[in-house]
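User: I have a model open and want to go through a few of its features. Can you take me through them?

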Amino acid sequence: MEIASSPIFSCSKEHQSIYQEWFVCADSGTFFHRFSNLTVVQSKFKLLFFSDGDGRITGNDALKFFALSNLSRQDLKQIWAVADSKRQGYLGFGEFVAAMQLVSLAQSGHEITHDLLSSNVDFESLNPPVMEGLVELLVKKKTSQKISELDLNGSSIVQHSPSSQWFSSKSSKKVSLSSVTSIVDGLKRLYLKKLKPLEDTYRFNDFVSPSLTNSDFDAKPMVMLLGQYSTGKTTFIKHILRNSYPGAHIGPEPTTDRFVVVMSGPDERSIPGNTVAVQADMPFSGLTTFGTAFLSKFECSQMPHPLLEHITFVDTPGVLSGEKQRTQRAYDFTGVTSWFASKCDLILLLFDPHKLDVSDEFKRVISSLRGHDDKIRVVLNKADQVDTQQLMRVYGALMWSLGKVINTPEVMRVYIGSFNDKPVNEAATGPIGKELFEREQEDLLADLKDIPKKACDRRINEFVKRARAAKIHAYIISHLKKEMPAMMGKAKTQQKLIDNLGDAFAKVQREFHLPPGDFPNVEQFRETLRGYNIDKFEKLKPKMIQAVDDMLGYDIPELLKSFRNPYN
């Protein structure tokens with residue numbers, strides 16, 4: 001299965017070196033400057049001002065560079081849309097090569113569509129496009145190369161990725177919009193400048209979610225698989241990857257006894273949970289809050305695979321029934337599941353025809369997914385184990401069980417199939433069942449293929465949800481602080497506020513006209529609140545709230561406008 005594969009892999013080494021030179025030229029921004037009319041000192045200043053060299057071709061870079069192809073604006077608009085399929089607002093080197101190959105095809109008279117990259121075009125032998133005047137501009141760039149390497153005092157110029165130091169810099173609030181070169185960079189800047197101060201002031205990270213790190217923004221999209229034991233979660237991942245990941249165990253008994261993150265890596269290896277949680281380049285530092293008991297049951301499985309370059313899978317232990325779930329796990333299983341749900345782009349709930357009952361424990365797990373209903377997909381796996389008539393009854397029973405657990409008016413999307421490497425059991429399903437399973441599998445794979453393309457949109461969506469949750473949290477905390485007496489009876493008042501927390505939520509909701517569905521779970525909030533002295537909380541700071549409102553109402557729309565298709 002291929003997802004968002006780039007034609008760079010079918011590009012010859014000779015052409016790749018050409019594209020590399022073009023990419024550096026377009027990225028540096030030097031190709032459109034007129035050095036012949038500048039003095040040496042002026043050239044230095046001009047180059048330093050325009051050059052970023054961050055490995056990204058933004059809209060402004062593309063407008064000037066792609067214009068050398070002499071294609072129509074409509075063609076260039078479509079080329080950008082296909083190349084930037086993830087809607088990141090910029091082109092990396094792989095996307096740039098794809099764009100150049102599309103330019104070459106457009107110059108040859110091909111119609112540019114999203115399916116063109118996966119067609120039978122021989123990209124290996126496809127010549128680079130004709131870019132008018134590019135050769136002369138490259139010669140000028142080479143003659144000025146020595147100038148770009150030295151500043152006015154003769155020392156080397158060192159360039160850094162614009163966001164690489166933001167999360168560790170003490171002056172992060174001073175990051176300017178001009179240093180932002182992608183939508184994700186813009187979200188990082190807005191988080192540090194406007195949202196994180198509000199979260200820190202009202203202890204949002206203690207009550208709701210840990211503070212975001214650089215790796216949280218840069219992480220690949222994640223898909224989590226949930227279900228009771230032996231419903232085929234690990235087998236599903238093996239089927240999608242066409243290979244077993246390191247440390248995978250498959251069997252009829254509860255074999256996967258830990259959370260396993262399956263992600264891309266240079267070689268096949270398993271990394272223990274305690275090590276994974278402290279690695280700055282991985283988005284799992286927040287899991288340290290669940291303690292060593294959980295981290296000993298958590299690991300990262302790395303392997304080189306083209307699909308894992310775009311998607312990370314999260315394999316989970318089978319949900320146990322009865323007392324086993326509560327007493328035999330030394331960590332908060334439901335809490336961990338909820339943490340991963342907030343990070344994941346897609347959540348697959350797996351059932352098989354012989355395990356349709358939703359136990360109390362599984363019901364708690366599904367309830368912990370509250371607020372992430374749009375991410376949930378249901379998979380009825382091993383469906384070829386029953387005949388067509390039984391499958392119809394099983395499907396009805398599954399929908400009845402889900403209707404009691406997932407409280408949404410919409411019908412949940414259910415994929416039916418047998419997601420393993422064995423051929424479909426036609427003796428049970430018949431030819432109609434086999435065709436049904438093939439179509440359902442195609443639909444599910446199409447859903448997975450869309451994940452990388454929607455990753456940037458999902459990140460924006462999650463960021464906005466977090467900002468709204470932080471605002472409501474600030475209102476709640478400041479309201480509780482306001483209700484505390486100035487002198488006497490503080491302990492008694494605090495206990496009363498905790499006992500009547502639902503009423504406090506209702507007052508905040510009415511006072512600030514907030515949607516009731518956005519408020520946190522009362523019981524979980526109450527449990528966390530017991531460990532704090534309400535009198536130590538901060539009063540409401542309207543300027544902080546206004547900063548977040550401005551971010552939601554102005555900054556984010558402007559950010560999206562800045563990095564939309566430059567030919568729109």
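Analyst: Arg510 is placed in helix 20. Keep in mind that this is a predicted model.

User: Is Arg510 buried or exposed?

Analyst: Arg510 counts as exposed, because its relative accessibility is 54% and the cut-off for exposed is over 50%.

User: New topic. How many aromatic pairs are there?

Analyst: The count is 29 aromatic pairs. One of them is Phe284 with Phe340, a tilted pair at 6.4 Å centre to centre with 50 degrees between the planes.

User: Where do Phe284 and Phe340 lie?

Analyst: Phe284 is in the loop between helix 12 (273–277) and helix 13 (291–295), while Phe340 is in helix 15 (residues 333–343), so their pair ties together parts 56 residues apart in sequence.

User: And Phe340, buried or exposed?

Analyst: Phe340 counts as buried, at 0% relative accessibility. Phe284 is buried as well, with a relative accessible area of 1%.

User: Which cluster do ring pairs link Phe284 and Phe340 into?

Analyst: A cluster that also includes Phe259, Phe290, Phe294, Phe298, Tyr331, Phe333 and Trp339.

User: What about Tyr532 and Phe537, why is that pair tilted?

Analyst: The planes of Tyr532 and Phe537 are at 45 degrees, with the ring centres 6.2 Å apart, so the pair is tilted. Tyr532 and Phe537 are both buried.

Key
Residues are numbered from 1 along each chain as its sequence is written. This is a predicted model: local features need pLDDT of at least 70, side-chain atom pairs count only at pLDDT 80 or more; totals for chains, interfaces and linings use all residues. Side-chain values use heavy atoms; hydrogens and water are left out. Helices (H or I, at least four residues) and strands (E, at least two) are DSSP runs, numbered from the N terminus. Buried means under 20% relative accessible area, exposed over 50%, partly exposed in between (1.4 Å probe, protein chains only). Rings of Phe, Tyr and Trp (its six-membered ring) pair if their centres lie within 6.5 Å; planes under 30 degrees apart count as stacked, over 60 as edge-to-face and the rest as tilted.
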